[in-house]
Amino acid sequence: MTEPTKTCAATTLHIGRRGLLLGATSLAASRLGMPYVGNAAAAEPIKIGMIWAKTGSIVDQAEYLAQGGMLALEQRNNTLLGRPAEIVWLDEPNPQGAQQSAERLVGEQKVVGMVGGALSSFALAISSVAKKAKIPYVAANAATGDLTGKSCNKYTFRLQPPVDVHARILAPYCASIGKKWYLLTASYAFGQDIKRAFTDYITANGGTVVGADEVPVGTPDYSSFILKIRAAKPDVVIGGIAASDLTTFLKQWNELGMKGKIPFAEISVGNTDLWGVGPEAADGLYTITWWYKNPNNSPEEQAMAAAYEKRHNRPAADKAWMGWLGMKSLLDSIEMAKSTEPGAIVQALEAWKYRRGDMDVGYRDFDHQMTSRLLVAGIHPKISDKWDYFDVRAELPKTPDEIAKAFGSSADSACKMDTL
Amino acid sequence: MLDMILSQAVNGLVLGFLYVLIAIGLSIIFGMLGIVNFAHGAFFAVGAYLAYALGKEFGWWAALAAPLLTGAIGVVVEMVLIRHLYGKEPLLGLILTFALALLAEAVLRLIFGGAPVPFSAPKFLAGFVEYGPILITKYRMFVLVTTVLVLVLFWAFLAYTPYGRIIRAGSRDPEMVGLLGINLPIVFTGVFSIGCLLAGLGGLLAAPLWTITPSMAAGAIMPAFVIVTIGGLGSFEGAIVAGLLVGLTTAMTIQFQPEWSGAAMYILMAAILLVRPRGLFGERWERFE
């Protein structure tokens, strides 16, 4: 089945007969006395592949990721290297679907780079295609460690800090609440990474895991899981469930009277996950990658947030920022490379830097992981603005040395980087 | 451990009643009209979104109109699309209702956006009660009572009213009912509308518990199909027993083998179909043989 594609550069024009004649005459006049310098390649738009879910459990976040990506190209007037550029957006209904979309983008659409992979399993599937086809790929949302760990490759770059980094930042906060933890994690790479990272931390720090359940993606009812948690009487519940699954869990957590009784914590949540919960049920302690009200946002990020809000009539969620920055890094790198040749873009991505606050962020050479700070946030005790749920408590790690330590060195990395 | 099993069993039965409510409309539409309605989950989502929109604009009580509006949408859908499928190749119904489900999701996304929207139960249904190890929230008790009430009323309507007799007769032998001078198309429109109304009611009641997103239909349609298949296609009693069985099985699997909880109802379905290929209460219907 052929899937419809969406191009953000494409617009529908309705031109009348007179307009057509006038335009044609003007075009002919402008060509008079000028040598023809264009060629077939110059007329072709540069295509960028975007793979974000249009269906499935992560589609809520994917909408923002896609809108952020579109905005990054629009801010360049839909041009790259002086040529028209367009985004070709395909779906990722499941890991196999993500892989097929990546293959179609490379084989049929001839894209020069790709951004996408809303879930870790999707990103791993796209990454394998990027490696095989030798096409640069930016994974803007996936958090599994494998992507820039044992499954790393020369063509894959990742924006989201991996689970281990989030865990190193959030786990001490959780341990300060209590040492008996219950883990409720999704039964795929992201959740399994969280289970391992938090179990390692608490057992190394004198605590215990009093229960651990793996939850299938798309679980509609968590009440039976919540009854188990209630019976286990943990000090803290560590979540590892993503997107609308987290929203459903928090609604039922509140419904069963658990909100405020046992603290809930989770890494790498999105604004949209909480917006869907509602003020009455929202609860928890989280790490987030970006917040539209953070005073430390760069002027470029503030401009992006303003442009997004003007366009979509709602604040830019963290996912919009991730989609935007992931796409921006790829587009910047194509301009830096002055070429659409994959090897040149990869080298430009490795050299690409972006100013955030008091530091330059970029992708590390040895594993292609972006290093940056995270925000630790609770929920406002009283929510009066329907978009403003987070009570940001810290931006960590503080110093560049601490950031390097949190992300780990090349010696700690499982990545064996290949060559172009 | 016994306390925990008892607690999970009660919770599973309560969950089962919510599943029954979602599945019963699907069962009715198949049983009476012979249409396998893939868009049933879409009507469930429409019910939830209408509850959200009405509740936001006019308060929680206005949200109670959501099932009626969903039923009204069902009338239009039946008259424009579904009635052309009666007596035709079943595959056409599958394709059309599948397309309808996709269209409904796209329309909801267009109107409300892809991000989830919040919806809470009214304040007077907040809180829970505890009986020893058993914990039931007031809202889930409300869902249970509503479901039982709806099922009893619908059963009484089918069993004891002239309209109910016409529907039951029409579902078995529409030609004969038509020959008796009864306007069967109107009856079928009513049946489809009731099925959609029940899906909308399921959406309304699930809205405070589930995440309201355009893709929420997927979470409803699969359990509904499993329940209808286990119970026997078109069987009213079958859907009730199967819904409770699925709720119970899911809860017990979560207690003992949580990673299998997503697959538990499918394994149950496979096991039952091996023993009873037509489902627990499935009968041989000449119309569909």
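Me: How many bridges join E4(A) to E5(A)?
Reply: This is a predicted model, and in it E4(A) and E5(A) run parallel. One pair of bridge partners is Val115(A) and, in E5(A), Val138(A). The number of bridges that join E4(A) to E5(A) is three.

Me: Which helix makes a β-α-β unit with E4(A) and E5(A)?
Reply: E4(A) and E5(A) run parallel, and the β-α-β unit that they make with a helix is right-handed. The helix of this unit covers residues 120–133 of chain A, and its name is H5.

Me: Which residue of chain A stands opposite Val115(A) in E4(A)?
Reply: E4(A) is also joined to E1(A), by four bridges, and these two strands run parallel. Val115(A) points the one way from E4(A) together with Gly113(A), whereas Met114(A) and Gly116(A) point the other way, and all four are buried. In general, the side chains of a regular strand alternate between the two faces of the sheet. The residue that stands opposite Val115(A) is Met50(A).

Me: Which strands stand at the edges of the open sheet in chain A, each with a single partner strand?
Reply: Six strands form this open sheet, in the order E2-E3-E1-E4-E5-E6, and the pairing is mixed. Because a strand at an edge has a single partner strand, one side of it is left without a neighbour in the sheet, and this holds for strand E2 (79–80) and strand E6 (156–158) of chain A.

Me: Which residue is the bridge partner of Thr79(A) in E3(A)?
Reply: E2(A) and strand E3 (residues 83–90) of chain A run antiparallel, and two bridges join them. In E3(A), the partner of Thr79(A) is Pro84(A).

Me: What angle does the direction of helix H12 of chain A make with that of E4(A)?
Reply: Helix H12 (residues 318–337) of chain A packs on the sheet, where it touches E1, E2, E4 and E5 of chain A. The angle between its direction and that of E4(A) is about 165°.

Me: Why is strand E9 of chain A said to be largely enclosed by the rest of the structure?
Reply: Val236(A), Ile238(A) and Gly240(A) point one way from E9(A), while Val237(A) and Gly239(A) point the other way, and all are buried. Strand E9 (residues 236–240) is therefore largely enclosed, since the count of buried residues in it is five of the five.

Me: Which helix does the chain pass through from E9(A) to E10(A)?
Reply: E9(A) pairs with strand E7 (residues 180–186) of chain A in the parallel sense over five bridges, and three bridges join E9(A) to strand E10 (residues 264–266) of chain A, also in parallel. The β-α-β crossover from E9(A) to E10(A) is right-handed, and the helix is H9 (residues 243–255) of chain A.

Me: What is the radius of gyration of chain B?
Reply: Chain B has 12 helices and two strands. The globule rule gives 19 Å for 289 residues, and the value for chain B is close to this, so chain B is as compact as a globular protein of that length, with a radius of gyration of 19 Å.

Me: Which element gives the most residues to the side of chain B that touches chain A?
Reply: In the contact between the chains, 35 residues of chain B meet 35 residues of chain A. Among the elements of chain B that give two or more residues to this side are H10 (217–231) and H11 (236–256). The element that gives the most, with six residues, is H1(B).

How values were computed
Residues are numbered from 1 along each chain as its sequence is written. Chains are lettered from A and ligands numbered from 1 in the order in which they are written. This is a predicted model: local features need pLDDT of at least 70, side-chain atom pairs count only at pLDDT 80 or more; totals for chains, interfaces and linings use all residues. Two residues are in contact if their C-beta atoms, placed from the backbone, lie within 7 Å. Two strands pair if DSSP finds at least two bridges between them. Axes are lines fitted to C-alpha atoms, for helices over the stretch in contact, and angles run from 0 to 180 degrees between N-to-C directions. A residue is buried if 20 or more other C-beta atoms lie within 10 Å of its own, exposed if 12 or fewer, and partly exposed in between; C-beta atoms are placed from the backbone. A crossover is right-handed if, with the strands pointing away from the viewer, the path from the first strand over the helix to the second runs clockwise. The radius of gyration is taken over C-alpha atoms; the globule rule is 2.2 Å times the number of residues to the power 0.38.
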